[in-house]
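Dear colleague,

Please find below the structure that I am handing over to you.

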Amino acid sequence: MRQPKKTRRAIGIRGQLMWFLCFICLLLLGLFWFLSTQLLEPLYIKHIQRQLTTEAEWIVSEMDNAIANGDTLSYWAFGGVKVTDDQFFNQLSNKLYENNTLSSFCVDISDSTLRTIKKFENLTFCNLHETALPDPEDEDVKYYTARTIRQYCRQTGGFVQTLDPPTPSGSKQLVVGRMTADGAYTVLVTTSLMHVSEAGEVMSTVLPLAAALIFAFSMSAAWLFSEWFTKPLRQLSGAARQVAQGDYAVHVETNRSDELGTLAQDFNHMAQEVQHAAQMQRDLLANVSHDLRTPLTLIKGYAETVRDITGDDKVHRDEQMNIIVDEADRLTALVSSVMELSKVTSGAEKCERVHFDMGQLCDEVSERYEALCAQNGWELRLEIPDEELPVYADPNMMQRALHNLLGNAMHHIGEDGLFFLRAFRCDEGIRVEVADHGPGIAAEDLPYIFDRYYRSRSDAGKQGTGLGLSITKAIFQQHGFRFGVQSTLGQGTTFWFIMTEDDGKKSS
């Protein structure tokens with residue numbers, strides 16, 4: 001028998017966050033190791049090279065200026081002794097020490113004979129001036145002798161060279177050579193690279209321990225951070241399960257002001273809306289069930305009466321049959337309203353927008369109420385301008401909305417028997433109003449007047465499904481129209497909505 005596959009448990013957000021932070025930590029440690037062990041020495045040597053080159057070129061510049069001024073930097077005295085201009089070199093030495101540039105440098109100045117005429121030593125051990133030099137005949141080391149370096153500088157006109165062991169000091173040294181403009185003198189500036197190698201060795205020794213400590217600290221911090229970061233998500237997950245189980249009163253506490261805090265606020269708002277919708281659904285079912293039960297009970301009762309008692313009595317039978325017909329009509333109207341509300345709110349019935357004249361539509365709708373008004377002694381006053389009122393909407397839905405609003409006005413018509421249908425231009429588009437002089441709506445009822453099956457103004461006992469305004473609200477929302485209601489107790493109520501004039505504009 002084939003065994004079902006075992007599903008692998010996916011890594012949670014906290015695990016993913018830990019893996020990501022671990023990867024970033026290792027990447028940074030690897031980058032730091034590479035910079036410390038592989039790039040530290042080359043970069044530091046390049047920095048020292050710039051310093052040596054600057055000093056060598058500055059010394060050559062000072063010597064060129066002195067030669068241009070006619071100063072004699074060195075000459076052969078009686079007896080074949082080389083004599084230097086102590087005044088110039090003393091001044092040069094003072095400038096070097098004042099600039100603090102010779103803290104770890106050594107300078108060698110020689111003439112065309114490759115003999116040193118002046119040297120400034122500020123190193124513990126200088127290869128250029130060490131007396132115990134290697135055998136000059138040894139091809140492996142004679143390149144590192146001072147005379148050979150001076151000769152190489154004269155041949156090239158200037159160079160930068162790293163002196164690798166074997167040298168007398170046993171450590172690397174960096175030498176920069178430059179010549180004066182007239183080619184009479186050679187300047188060599190050198191420094192030891194021993195400290196660079198030592199620094200690299202120290203870093204290689206300390207880095208593993210430092211990396212281990214940094215990694216341990218980073219992982220601890222990442223664990224605490226992931227706990228803090230995912231806590232709101234776990235709360236939201238638990239709250240979502242409660243909502244799935246039917247507990248719509250759940251509330252997620254959060255003090256965060258970031259995206260997670262916004263998500264928690266949106267979840268709380270969603271839960272409130274779901275709770276409100278569920279309550280409205282329960283109320284709708286309860287009210288519809290009640291209204292369905294009443295006509296069904298009457299229909300059944302009068303049908304049994306006709307069957308058992310008044311079947312042969314035409315007068316009573318007709319009276320009872322008329323009641324049955326009226327209750328069946330009421331039941332049909334209720335079912336139709338529920339179905340219509342369901343189609344509009346669910347989006348099953350799409351609005352087909354076209355351009356038409358709203359004034360003409362209002363005129364056509366008002367004509368359908370002439371007979372009813374004449375029968376009951378009412379008057380529907382139509383107030384529209386002579387000009388066209390172009391709008392962009394679904395005319396069938398707008399007609400349905402007007403019938404709902406006018407039907408609501410007739411149910412609450414005042415003693416004067418007047419109700420109004422107005423349409424006129426405003427800054428936002430075309431404003432349509434349906435008003436009556438009825439008893440008005442209490443201020444506490446106004447926010448809920450468009451809710452499903454909500455009744456106000458002492459509507460108990462009045463005919464109607466209680467869904468007309470809810471259907472009207474859904475129509476306006478589907479079009480994106482602004483709408484509302486204004487009412488004063490004892491003076492009347494005005495329902496209004498604002499339509500767009502074309503498909504390029506939308507009211508705010």
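A nonpolar core is a set of buried Ala, Val, Leu, Ile, Met, Phe, Trp, Tyr and Cys residues joined through side-chain atoms within 4.5 Å. Please keep in mind that this is a predicted model.

The largest nonpolar core holds 39 residues, and those that touch the most other members are M358, M398, V432, F497 and M499. Two or more residues are given to this core by each of α7 (358-367), β10 (390-393), α9 (395-411), β11 (418-426), β12 (429-436), α10 (468-479) and β14 (492-499). Helix α9 supplies the largest share, eight residues. If residues up to four places away in sequence are not counted, M358 touches L389, V391, L402, V432, F497 and M499. There is also a second, separate core of 24 residues, which includes A56, A66, L73 and V187. As general background, nonpolar side chains in soluble globular proteins tend to be buried together.

Two of the helices named above, α9 and α10, also pack against each other. In general, two packed helices are described by the angle between their axes and the distance between the axes. Here the axes of α9 and α10 come within 9 Å and cross at roughly 145°, and the crossing in which α9 passes α10 is left-handed. On the side of α9, the contact is made by M397, M398, R400, A401, N404, L405 and N408. On the side of α10, the residues are G468, L469, I471, T472, I475, F476, Q478 and H479. By type, the residues of this contact comprise eight nonpolar, six polar and one charged.

The next topic is a sheet. Five strands, in the order β4-β3-β7-β6-β5, form an open sheet with antiparallel pairing. Strands β4 (116-120) and β5 (158-163) stand at its edges and have a single partner strand each, so one side of each is left without a neighbour in the sheet. On average, neighbouring strands of this sheet are turned by 15° against each other, direction ignored. The antiparallel pairing of β3 (residues 106-110) with β4 runs over four bridges, and I109 stands opposite K118 in β4.

Two helices pack on this sheet. Helix α2 (residues 86-98) touches β3 and β4, and its direction makes about 25° with that of β4. Helix α3 (residues 146-156) touches β3, β4, β5, β6 (173-179) and β7 (186-192), and its direction makes about 145° with that of β5.

Yours sincerely

Definitions and conventions
Residues numbered from 1 in each chain as written. Predicted model: local features only at pLDDT ≥ 70, side-chain atom pairs only at ≥ 80, totals over all residues. Heavy atoms only, no water. Pairing = 2+ DSSP bridges. Axes fitted to C-alpha atoms, helices over the stretch in contact; angles between N-to-C directions. Contact = heavy atoms within 4.5 Å. Buried < 20%, exposed > 50% of the residue type's maximum accessible area, 1.4 Å probe, protein only. Left-handed = near helix turned anticlockwise from the far one by under 90°. Nonpolar A, V, L, I, M, F, W, Y, C, P; charged D, E, K, R; others polar.
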